[in-house]
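I set out to look up how the elements of this assembly are arranged. The entries below follow the order in which I consulted the coordinates.

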Amino acid sequence: MDLITHLQLAFRVCLEPMNLVAAFLGCLMGTLVGVLPGLGPSASIALLLPITYGFSPVTSIIMLAGIYYGAQYGGSTTSILVNIPGETSSIVTCLDGYQMAKKGRAGAALGISAIGSFVGGTFAIVLLMFLAPPLAKFAIKFGPPESFAVMFFGMTMVTYLAKGSILKSLVMAGFGLLLGCIGSDLISGGIRFTFGIPDLADGVGMVSVCMGMFGIAEVMFIIEEGIERKQEVYKTRLKELLPSKRELKDSVKPIVRSSILGGFLGTLPGGGPTPSSFMAYVMEKRLSKHPERFGTGEIAGVAGPETANNASCGSAFIPLLTLGIPTTPVMAVLLGAFMIQGVTPGPSLIEKSPDLFWGVVGSMYIGNVMLIILNLPLVGMWVKILRVPYFLLFPLIFLFCLVGAYTLSNSVVDIHTMVIFGVIGYLIRKVDYPMAPFILAFILGPQFEKYLAQSLIISRGSFKIFFTRPISAVLLIVAIALIVVPPMLTPFLKGRKLKFEGDEP
Amino acid sequence: MGRRDLVSSLVFIGLAAIFMIGALRYGFGSFSRPGPGLMPFFASLMVIVLSGFIFFISLRKRKIKGAERERFLPPRGVTIRQMIGVLALFGYGIALESLGLTLTTALFMIIMLRFVGLKKNWVMILGTSFLTTLISYLLFVTLLKSALPKGIFL
Amino acid sequence: MKKGLLCLIFALVSVAMSGDLLAQDKYPERPITAIICNSGGSMADLVARATEDLFPKYVGQPLVVVNKPGNGGLTGGAVLATSKPDGYTIGFFSSTSAVPEIVAKLRGPAAYTSRDVMPVANVSGWLVVLACNRNAPYKTFNEFVEYAKKNPGKVTLGTSGVGNFYWMLAMAMGKDKGIELIDVPFNSEPDYRTAVLGNHVDIAVLTYGGPSRELLLSKELRALVVFEKNRFNELPDIPTIKEVDADFKHGTSFMGFFVPKGTPQGIIAKLSDATKKITEDPKFKEKMRNLYMPIMYMDTQAFQVEVKRMGENSMTFLREKGLL
């Protein structure tokens, strides 16, 4: 049977010693890169490209791909331990992961993160194996109006992201949108709101803002609360290093759902780990029996996003390998790696170079296995880091953020951005405004605007385009229904008050 | 609590107003070719209107609940340490390209340990700074081959 | 006394000059940074990285490629224009970044001018083709023009920014044929290539290399016309732009090394020579074959002429077509 032959081919290729070593090195490098804040997979892949020239195309791709999904495994580590998102795809993990760490459940969070990543990644490989061509064909149908509908969906969830006052969430979302407007405007080609600063011509750096608002601000809070007191929280209750049975049980459904969500979103242009992680978080909160626990250390809030981002990494290979479409900037670099090796992904790749395609598929399995073997035992080591006396830990945190920010684009502007937003983040939390809606709007806003404008240009100004096309119509109607329906049902639900003030009990 | 909301909402209105002025100048374009000002306008409008609501609501709450005198900023000593930290972070960014990775890192660690962590043991401070600098160099430059500035020292 | 003073001045000047010459002689002593105005994985980025490998061999120091995409190529250009002219920062540009005045006319003032960056040597160029979705109701260029004339205001063109030379090629064609094209801006070529693939925009100007070439060869996308003097060997049935539009005057762009104004001649000459050797190296040739990008070396003189020509042509074109 075809499948058996393919699998045989896959494992024959990926189990060659050279390829095994390449996979291992890639995963190791990826984990390291993911753990370090700032340094991202695309930079390291680009840096290592020249080294791979001597190897065969298959070996090079195996290693570089390993870096990519390895980074997704490692990215959550700093989010959970010290509230610093290493990449934008780990931001959401900060929300509940860090809270779990504060409660002494860091090990559980790290563990479920690794498990979810494994399941998500494996699911994506399955999709790649069986459904690559049809999924790719479906993904192509997502043009600007459809992508707009997806973004619209995401934006309407903004009020779901944070606890407390809806008004405050919306104000923060508004500012997120405004911050996203700084820089080049795609449509007119002009530059907005840079106030004469040339480094802002490309917008405010997303990763620096996140590192600042989450990481730096958090350290400032800890300085406020007292550096000495911090250590006590971490010294106790470090026993359970892995998720408890109940936590595992609570994670099953989120992992399953998020695999599907991430696997699907990853095939869409502009989809990818970051939107997938946000959508997964929001989806889990929506479907959870205890949404109010999100933000205080609810395990579904870690399991969902971490699964989704790994799933979307794997499924991003679907459009890449079948049609040569890179859905995210990192995939574009990987595509470049392919091309410079003489392999150009496209419709005929699977037929012309089956050993490449199936070799990559096989190595993704191997890679995922290597990563979970690598990461689970590391949980114990990571958790020990929390034992470092805080007066030493916090300068180290600062330092890694500073260097990491610099490596983003070899510029100190990223460092300054991070520090400024660290202060801003601190002040915002001081006045009890939530940061998550700000970040979501900042990340999705420019895409939202771009797709809206593109759609309107195509339709020559008519909004009908969103409703005459089936996919976008369905998405928009569902999104609107989700906003409109719950408040209508409220009079029927006893004991639930519409919260406008964030008056916590 | 109420007072914080009063002040913060006014600040937000002010900030959003700046963006709104810019948005109006950039222009809305037309439906068939949306202009640069469209999104910023609606976003800043949303912020202004909603912050306005918050302002008035906290105005009312203030009368009902009475004044709460909760301190906004932490005690003096702590704030000074926070500020030193922030200044050191800025300083790192400014110094990095001229002094180079190693020297900047070392200085930064010393300042952090001594003035924010308030440790007095100089042996520990210098030793830790040296080790940290060494490890950062090995990690970022040697292992990961990142292009970090060389500066004066290394 | 006077003679002594003269000697002193002479000596001082010699020392100053020889310091400069000495620097040029010893150049390069440390790695060189190349600024690319495109993001990682783009064709320009890949060509640059193909040269990166050979810098140690022919230049003597490694090359570090730094991506500074954004603002249609002007961000990277501005960075180069403000870098020290010591030969350790060079740029790898196409026309938009080298001659920002073109785009500036359409989008607003740029932070630098074409006089701030000097051509060193050209490496490659662009093979350009106009493509459409395979289910489009027209199969040839002429059918397309007919369709566009019958459906004014409905034909959408995917672009990666107003004013870049792909945009200009398409607009020039449109103006010559008297058809209206609605340009829909996307972030990059892969983005609008996907849009054509999914039939969200009608046509797009693509680089004939990489995935675009694969899609054209496998008939997922249909080529309408090629913007070259001669037909492509691999697309023998597709006419050249001159065949279908005798008035068409615009050429395609270059892709080569630039330095900031004021970089010493000695350094420029060294880089230019090294580039020539790189483009003749078999390893480089192989990589370019893999990418399907042409090798079009031009030395400093020739390149200067070409950049100037391109700039003038573009400005003339914009004025003539009333796009200014």
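**Entry 1: the six-stranded sheet of chain C**

I traced an open sheet of 6 strands in chain C, ordered β2-β1-β3-β10-β4-β11, with mixed pairing. The model is a predicted one. At the edges of this sheet I found β2 (63-67) and β11 (295-298) of chain C; each has a single partner strand, so one side of each is left without a neighbour in the sheet. From one strand to the next, the twist averages 25°.

I then looked up one pair inside the sheet. Strand β3 (residues 89-93) and strand β10 (residues 254-260) of chain C run antiparallel and are joined by 3 bridges. Opposite C:F93 I noted C:G256 in β10(C).

Which strands does helix α2 of chain C lie across? I found helix α2 (residues 43-52) across β1 (32-36), β2, β3, β4 (117-125) and β10 of chain C. The helix runs at about 165° to β2(C).

**Entry 2: the five-stranded sheet of chain C**

I recorded another open sheet in chain C, with 5 strands in the order β7-β6-β8-β5-β9 and mixed pairing. Here β7 (182-185) and β9 (221-226) of chain C stand at the edges with a single partner strand each, so one side of each has no neighbour in the sheet. The twist in this sheet averages 35° from one strand to the next.

The bridge partner of C:L157 in β8(C) is C:I203.

Helix α8 (residues 165-177) of chain C packs on it and touches β5 (128-133), β6, β7 and β8 of chain C; the direction of α8 makes about 135° with that of β8(C). Helix α10 (residues 210-217) of chain C lies across β5, β8 and β9 of chain C, and runs at about 105° to β9(C).

**Entry 3: a helix pair in chain C**

I took up helix α6 (residues 100-107) and helix α14 (residues 300-320) of chain C, whose axes come within 9 Å and cross at roughly 25°. That angle makes α6(C) roughly parallel to α14(C), because angles under 35 degrees count as such. I listed C:E101, C:I102, C:K105 and C:L106 of α6(C) in contact with C:G311, C:S314, C:M315 and C:L318 of α14(C). By class, this contact has 4 nonpolar, 2 polar and 2 charged residues.

**Entry 4: a helix pair in chain A**

I turned to helix α9 (residues 166-181) and helix α21 (residues 436-458) of chain A, which pack at an angle of about 45° with their axes 7 Å apart. α9(A) is therefore oblique to α21(A). The crossing of α9(A) past α21(A) is right-handed.

Among the residues of α9(A) in the contact I noted A:M172, A:F175 and A:L179; those of α21(A) include A:F438, A:F442 and A:E449. By class, the contact has 11 nonpolar, 4 polar and 1 charged residues.

**Entry 5: chain A against chain B**

How many residues does each chain bring to the contact of chain A with chain B? I found 65 residues from chain A and 64 residues from chain B. Between them the two chains bury about 5,800 Å², 80% of it on carbon and sulfur atoms. On the chain A side, A:L178, A:F193 and A:F391 lose the most area to chain B, together 10% of what that side buries.

Technical notes. Residues are numbered from 1 along each chain as its sequence is written. Chains are lettered from A and ligands numbered from 1 in the order in which they are written. This is a predicted model: local features need pLDDT of at least 70, side-chain atom pairs count only at pLDDT 80 or more; totals for chains, interfaces and linings use all residues. Side-chain values use heavy atoms; hydrogens and water are left out. Axes are lines fitted to C-alpha atoms, for helices over the stretch in contact, and angles run from 0 to 180 degrees between N-to-C directions. Helices (H or I, at least four residues) and strands (E, at least two) are DSSP runs, numbered from the N terminus. Angles under 35 degrees count as roughly parallel, over 145 as roughly antiparallel, 65 to 115 as roughly perpendicular and the rest as oblique. A crossing is left-handed if the near helix is turned anticlockwise from the far one by less than a right angle, and right-handed if clockwise. Contact means heavy atoms within 4.5 Å. Ala, Val, Leu, Ile, Met, Phe, Trp, Tyr, Cys and Pro count as nonpolar, Asp, Glu, Lys and Arg as charged, and the others, Gly among them, as polar. Two strands pair if DSSP finds at least two bridges between them. Buried area is the accessible area (1.4 Å probe) that two parts lose on being put together, summed over both.
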